[in-house]
Amino acid sequence: MKLFGSSHRKGERVRDEDAAYLANWARSHIGVEAFVEPKTTVTPTTVVLVANDGAWTRRAVGGERGARKLGHDLRIPVYDVRKTGYPQRMRDYDSRQRILRKRAREA
């Protein structure tokens, strides 16, 4: 069973393994929200899933429509990162991870 469909436009197809990964990640974390990142000259449109604790993951999702469909299918809110920015908890999580990596290297 496919979790969410893909756009028919060239280059905007969601890979099955990405769809499965994102669905599993969202189910294994609490308070997940999606943040859509725009297409750039080097990357396709991506979505960043951010959990309540700030843990996050990123994957290509088949364009803006794919990101919106993902949110609908997973029943999570979807935000445009150009309008909202990234949540503070994501930055805080990254800072904590840097501290933990530094401590591990020094031990």
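## Close-up views of charged and polar residues

The model shown is predicted, so local features need pLDDT of at least 70 and side-chain atom pairs count only at pLDDT 80 or more, while totals for chains, interfaces and linings use all residues. Residues are numbered from 1 along each chain as its sequence is written, and side-chain values use heavy atoms, leaving out hydrogens and water.

**View 1. Asp 18 meets Arg 15 in a salt bridge.** The closest N and O atoms of Arg 15 and Asp 18 are 3.0 Å apart; a salt bridge here is a side-chain nitrogen of Lys or Arg within 4 Å of a carboxyl oxygen of Asp or Glu. By the same rule, the count comes to eight salt bridges.

**View 2. Glu 37 and Arg 58 form a salt bridge.** Their closest N and O atoms lie 2.7 Å apart. This pair links distant parts of the chain, 21 residues apart: Glu 37 sits in strand β1 (residues 33–37) and Arg 58 in strand β3 (residues 56–60). Helices (H or I, at least four residues) and strands (E, at least two) are DSSP runs, numbered from the N terminus. Glu 37 is buried at 8% relative accessibility, whereas Arg 58 is partly exposed at 35%.

**View 3. Thr 57 reaches over to Tyr 21.** Thr 57 is also found in strand β3, and with a relative accessible area of 6% it is buried. Its side chain makes a polar contact with the side chain of Tyr 21, at 2.8 Å. For a polar contact, two N or O atoms must be within 3.5 Å; within protein, one must be able to donate a hydrogen and the other to accept it, and residues adjacent in sequence count only if both atoms are side-chain atoms.

**View 4. Asp 73 and Lys 69 pair up within a helix.** The two form a salt bridge whose closest N and O atoms are 3.1 Å apart. Because Asp 73 and Lys 69 are four residues apart in helix α2 (residues 63–74), about one helical turn separates them. Asp 73 is buried at 18%, and Lys 69 is partly exposed at 37% relative accessibility.

**View 5. Arg 75 has a positive phi.** Arg 75 belongs to the loop between α2 and β4. Its phi is about 60 degrees, although Arg 75 is not a glycine. Most residues other than glycine have a negative phi. Arg 75 is exposed, with a relative accessible area of 74%.

**View 6. Asp 80 contacts the backbone of Arg 82.** Asp 80 lies in strand β4 (residues 78–80) and is buried at 11% relative accessibility. Its side chain reaches the backbone nitrogen of Arg 82 at 2.9 Å.

How values were computed: Buried < 20%, exposed > 50% of the residue type's maximum accessible area, 1.4 Å probe, protein only.
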